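These are my notebook entries on one structure, written in the order in which I looked things up.

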Amino acid sequence: MSIHEEEEYKKRFDWGLWKRLLCFLKPYKKHLTILGIVVILLAGIDTVFPLLTKYAVDNFIVPKSLDGLWGFCFIYAVLIIIQAVVVWLFIAVAGKVDMGLCYDIRKKGFQRLQELSFTYYDRTQVGWLMARMTSDISRLGDTIAWGLVDMIWGFTMMIAITGVMFYLNWRLALISLTVVPVLVIISLFFQKKILRSYRLVRKTNSRITGAFNEGIMGAKTTKTLVREKENLREFQVITDEMFGSSVRAAILSSLYLPAVLTLGSIGTALVLWFGGEGVLSNAITYGTLLAFISYTVQFFEPVRELARIFAELQLAQASAERTLSMIETEPDIKDSPEIIKKYGDMFKPKEENWPEVKGNISFRNVSFAYKDGEKVLENFNLNVKAGETIALVGETGSGKSTIVNLACRFYEPTKGEILIDGVDYRKRSLLWLHSNLGYVLQTPHLFSGTIEENIRYGRLNAKDDEIENAAKLVNAHNFIIGLENGYQTEVGEGGGRLSTGEKQLISFARAILANPRIFVLDEATSSIDTETERVIQKAIETMLRGRTSFIIAHRLSTIRSADRIMVIREGKITEEGNHHELLNEKGYYYRLYTNQFMEEQETRLLSV
Amino acid sequence: MLYKLRLLWNFMRGSKSLYTGAIFAVGLATLFSLVIPLVLRVMIDSVIGNEPIHMPGRLISVIQTLGGRSVLTKNLWIGSLLIVALTLLRGLFLFLKGKWSAVASESTARNIRERLYDHLQHLPYDYHVKAKTGDLIQRCTSDLNTIRRFLAVQFIEVGRAIFMVGAVLPIMLILNIQMTLISTAVIPIIFSFAFIFFIKVRRAFQISDEAEGRLSTVLQENLTGVRVVRAFARQTFEIDKFDNINCEFRDLTYRLIWLLAWYWSISDFICLIQIGAVLVLGAYWASKGMISLGTFFVFSSYVWMLLWPVRQMGRILTDLGKTLVSVGRIQEVLTEPIEDKKVSAHKPRISGEVEFRNVSFGYENGKHILKNISFRAKKGQTIAILGPTGSGKSSLVHLLPGLYDYQSGSIKLDGMELKGLDKKWLRQNIGIVLQEPFLFSKTVKDNIALAKKGVEEAEIFEAASIAAVHDVIQGFEKGYETPVGERGVTLSGGQKQRVAIARTLVRDYPILIFDDSLSAVDVETDAAIRKALKERSHKATTFIISHRINTLSEADKILVLENGELVQSGTHNELVRQEGLYRKIWSLQNELEEELEHEIEEEKQLI
């Protein structure tokens with residue numbers, strides 16, 4: 001189960017958090033400067049348009065004169081050209097920053113994900129990570145890039161309008177601005193409520209998706225249990241909630257707009273009343289009155305925008321927190337600076353300094369516990385000679401996988417040490433060990449791409465004939481050339497276009513090509529047909545030859561061929577020896593063997 | 001197109017008055033928003049200025065009774081208050097529009113949702129065997145959302161645009177024809193520009209979405225394959241791969257933004273030319289005295305008001321296209337024929353006698369899965385079924401609860417023909433544990449309690465004990481309150497299967513079916529479950545599909561199926577004397593013993 005629940009956003013605005021995020025903006029200083037200028041220009045032009053109307057009224061209409069109309073036209077034309085260019089620049093540059101930010105944060109996140117150790121993956125669901133890397137980061141890019149410029153625009157606009165208004169007539173300016181504080185308070189209040197209520201809608205929506213998912217996946221069960229009515233009733237409870245929360249959210253937003261409009265009209269009304277009297281007493285011009293009326297309407301836009309951005313920032317804070325927590329997680333397992341100096345890091349490995357691996361592995365008084373204190377191994381000792389094949393058997397949770405993960409340095413011992421060729425593996429680089437490792441899961445994992453690309457994953461600089469040879473060694477060549485596009489066949493997402501047996505063979509070829517010194521096989525429990533099993537068995541034998549191997553074994557044929565079999569129960573070796581020896585002990589292995597023998601033979605008889 | 005529009009219209013049923021109300025509300029709100037500049041015009045021209053009042057006679061007489069223009073001029077607050085009042089009215093109608101359109105569209109969405117959900121539940125078993133879950137969920141959620149959004153926002157917007165044009169044009173025409181022409185000149189241009197642009201840009205949206213899809217795939221494959229990546233030390237390779245797609249996604253999405261930048265700047269440009277034309281020509285005519293200052297003001301306000309909905313229209317039309325596609329996809333699901341269910345009031349007590357006589361069954365394509373099956377099961381007997389994969393074992397037991405319908409022959413339950421019985425009633429009397437059990441995301445306890453309303457805790461514990469899962473559950477941190485399924489703990493295959501068995505045992509079904517459901521639990525647990533079942537006071541007629549010799553040998557009757565035919569049937573003692581599959585399975589036991597002896601011999605020789 002994931003330890004990360006979708007946490008509610010904190011009430012407080014966390015400045016430190018945003019500052020850390022803003023570091024990602026550093027490479028965009030130039031863009032931000034342009035944006036700053038553009039946005040100020042934009043706000044400026046938005047303020048100037050009503051002034052033009054004022055000018056037209058005061059200089060052409062009221063005095064009934066056409067002097068300077070051409071000049072006026074010219075200025076207007078220049079302004080709209082500037083406006084068009086500025087709008088273009090605004091969207092294009094802000095878009096550039098938005099996408100660039102997303103790109104940078106994603107890149108950083110992905111790099112970190114490549115470094116984090118398995119203990120992190122063990123307790124973090126892939127879905128959670130996916131959500132951070134996709135939607136959360138998109139939201140951050142959006143909020144930061146557009147939010148920032150909208151914020152600048154809003155402030156500039158407000159300042160510019162206020163400035164012009166005071167310049168035109170400070171008394172009228174003061175009067176018309178009286179409604180602004182109320183507007184700010186109401187906007188903040190509503191925007192927060194609105195965003196929060198839409199958040200609830202989204203949550204309910206994902207529950208509906210979940211309910212549909214369950215309804216469809218569980219339809220067969222529903223039928224057999226005759227649960228249709230009850231299910232519909234339960235579903236209706238959620239749809240009712242959805243209806244309620246959506247309508248509530250809609251009502252909130254439909255209340256907000258009228259509230260703002262009314263406040264705005266009060267501003268206009270005040271201007272009309274006092275400004276009108278000003279005109280009547282010749283204190284101000286017609287044009288000034290008209291400009292003021294326009295400004296009172298215009299003023300509300302930036303206030304609304306700012307309130308919205310502020311509310312959005314608060315909501316995005318949860319995304320920011322989650323994403324940064326992922327990026328800033330330190331990997332449990334990493335090379336010390338001295339080791340990196342000697343053997344290189346992930347990006348610049350100094351392969352010339354790497355010692356050759358023979359394949360002797362020993363566990364010395366190894367203990368391992370998860371961070372939450374759950375002990376898996378205690379004082380575990382094991383010596384494996386180079387080239388030996390070890391089969392580990394036992395129930396799920398007995399500690400087999402932990403042993404293998406420790407041997408591969410996917411986990412590190414909490415106590416004790418693990419030696420490879422006599423040296424504690426922490427004194428060598430991670431990459432060195434992993435480059436000498438072959439790991440095959442019988443629920444094989446392939447990547448989208450062609451068969452050739454998937455095999456080449458074992459050794460990137462392999463030549464085509466080496467790839468073919470690897471495929472031949474594991475008997476995959478024949479089925480591959482039988483496919484329409486041969487080695488160039490697309491395997492589909494996760495290898496979905498191939499059968500499990502075919503995927504296994506390709507993952508074997510991939511491992512063979514890597515030519516590892518240490519080999520790990522994690523066998524699946526699922527049954528496969530006899531013919532495939534025979535082919536796979538041969539492939540496994542080929543792979544094990546001359547390599548130190550660990551097999552988490554389920555199938556008798558694999559177990560029997562091991563040099564040593566170990567029965568693991570609760571983190572301890574309870575039985576150890578070869579197949580014959582263990583049978584004679586008539587213990588757990590004996591029972592396992594007899595049961596498995598019957599299962600496999602029965603399955604064989606029944607699969608035609 | 002027309003057909004789909006009619007479908008959309010049908011979906012709106014039940015809330016049509018609300019939709020109409022919302023459209024009228026938005027219309028009225030629009031009218032009020034148009035009146036406000038008119039009031040301002042009168043105020044500016046005739047109250048503050050000296051122009052004669054241009055308005056319908058009746059309104060003038062209203063002003064006269066108030067005391068005429070001079071009163072208004074002395075008390076400017078009256079006009080100001082009028083503006084606030086008009087805005088309040090406008091706000092009121094905007095609010096009503098928001099509320100009504102939300103209630104209408106949300107109830108439409110709720111109706112479709114519930115219809116879809118219930119329809120899916122009632123589709124035949126076979127449909128769900130073949131269903132593509134991802135696609136169905138897509139239809140039930142995002143397609144539905146497309147429709148909902150269109151109805152809530154765009155549909156009403158169309159109403160607003162129509163009202164706007166319908167009201168603004170006459171007012172403008174009354175005020176001044178030339179100015180009207182100038183103010184509306186670019187509308188066709190901007191409308192076609194918006195429409196064409198959004199059609200063209202749809203492709204760019206799609207391309208960006210696809211790139212995002214690829215980005216997710218690379219990410220997903222990397223994260224789920226993290227073991228492979230590490231074991232081959234391919235981190236830098238993966239980083240490069242991700243970087244490529246990350247770049248691609250960035251560039252393609254940026255291209256979209258870039259296109260939008262062109263759209264907004266060009267359409268802003270066109271709109272500003274329009275506004276500029278109104279400004280300059282208006283000023284020109286006003287200075288010549290051909291129009292009043294107020295008229296000038298009205299036009300310069302209306303121009304802004306007209307342009308926005310026009311720019312929106314292009315978008316709405318493209319959205320309508322998307323919506324109709326979604327309507328079609330949802331309708332496809334809703335027109336799938338549902339399971340044919342006999343509903344009859346006759347609900348006899350079922351004791352558990354089963355008789356198959358010459359039963360044949362095949363799926364639509366005419367291939368026979370079961371051929372001429374005949375056998376009898378007496379009340380309380382255990383019938384074991386054995387056969388190779390694809391021999392029809394599962395189909396045979398699926399016929400009993402009516403999950404599939406047999407084409408010929410007859411199945412009798414307590415002497416009554418199965419086809420004549422109410423299917424729900426039938427299923428309430430036949431418990432079946434499916435091969436791949438599904439647990440709902442509820443607690444373990446609620447999952448076990450599913451089949452029986454008002455079940456007591458003791459009964460749940462008892463059922464769990466029989467299914468050999470009681471101790472396992474109590475070992476969980478939260479015991480029976482442990483949530484399972486999507487958001488809960490992951491149970492192993494065997495544990496899931498046992499919870500599913502417990503769920504079935506909670507009800508005292510006269511007939512029980514285990515569709516190969518014990519093969520996921522180990523041999524010892526299998527035996528324990530069967531033993532506990534036997535010791536139950538109430539004994540059900542039980543069908544067990546299995547390949548385990550122990551399970552089979554204990555049955556009262558064993559049926560052996562091959563290629564849809566019943567090739568052997570009888571008790572253990574009868575079948576071991578006949579050549580056949582059963583004997584082969586049975587002799588495995590001997591083979592095992594020989595094998596073990598052989599292994600031990602070998603070992604001795606080695607020594």
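What is the mean pLDDT of chain A, and what percentage of its residues reach 70 or more? I first noted that this is a predicted model, in which local features need pLDDT of at least 70 and side-chain atom pairs count only at pLDDT 80 or more, while totals for chains, interfaces and linings use all residues. Residues are numbered from 1 along each chain as its sequence is written, and chains are lettered from A and ligands numbered from 1 in the order in which they are written. For chain A I found a mean pLDDT (the predictor's confidence in each residue, from 0 to 100) of 86, with 97% of the residues at 70 or more.

**Entry: confidence by element.** I then went through the elements, where helices (H or I, at least four residues) and strands (E, at least two) are DSSP runs numbered from the N terminus. In chain A the lowest mean pLDDT, 80, belongs to helix α18 (residues 530-544), and the highest, 94, to helix α14 (residues 451-456). Residues 1-10 of chain A have a pLDDT below 50, and this stretch has 13 contacts in the model beyond near neighbours in sequence; two residues are in contact if their C-beta atoms, placed from the backbone, lie within 7 Å.

**Entry: the two chains.** I looked up the contacts between the chains and found 124 residues of chain B in contact with 121 residues of chain A. On the chain B side, helix α11 (residues 235-287) of chain B gives the largest share, 30 residues.

**Entry: domains of chain A.** The division is into domain 1 (10-169 + 318-332) and domain 2 (170-283), with bounds from an automatic or database domain assignment. The centres of domain 1 and domain 2 of chain A, taken over C-alpha atoms, are separated by 24 Å, and four residues of domain 1 of chain A are in contact with six residues of domain 2 of chain A.

**Entry: strand β8 of chain A.** Is strand β8 (residues 548-552) of chain A buried or exposed? I counted a residue as buried if 20 or more other C-beta atoms lie within 10 Å of its own, as exposed if 12 or fewer do, and as partly exposed in between, with C-beta atoms placed from the backbone. Five of the five residues of β8(A) are buried, so the strand is largely enclosed by the rest of the structure. T548(A), F550(A) and I552(A) point one way, S549(A) and I551(A) the other.

I checked its partners next, taking two strands as paired if DSSP finds at least two bridges between them. Strand β7 (residues 518-522) of chain A runs parallel to β8(A) and is joined to it by five bridges, with F519(A) opposite S549(A). Strand β3 (residues 389-393) of chain A also pairs with β8(A) in the parallel sense, over four bridges, and L392(A) has I552(A) as its bridge partner there.

**Entry: strand β3 of chain A.** Both faces of β3(A) are covered, with T389(A), A391(A) and V393(A) buried on one side and I390(A) and L392(A) buried on the other. Strand β9 (residues 564-569) of chain A pairs with β3(A) in the parallel sense over four bridges, and M566(A) is the bridge partner of L392(A) in β9(A).

**Entry: the antiparallel sheet.** In chain A I found an open sheet of four strands in the order β2-β1-β4-β5, with antiparallel pairing. β2 (375-384) and β5 (423-424) of chain A stand at the edges with a single partner strand each, so one side of each is left without a neighbour in the sheet. Six bridges join strand β1 (residues 361-369) of chain A to β2(A), and A369(A) stands opposite K375(A).
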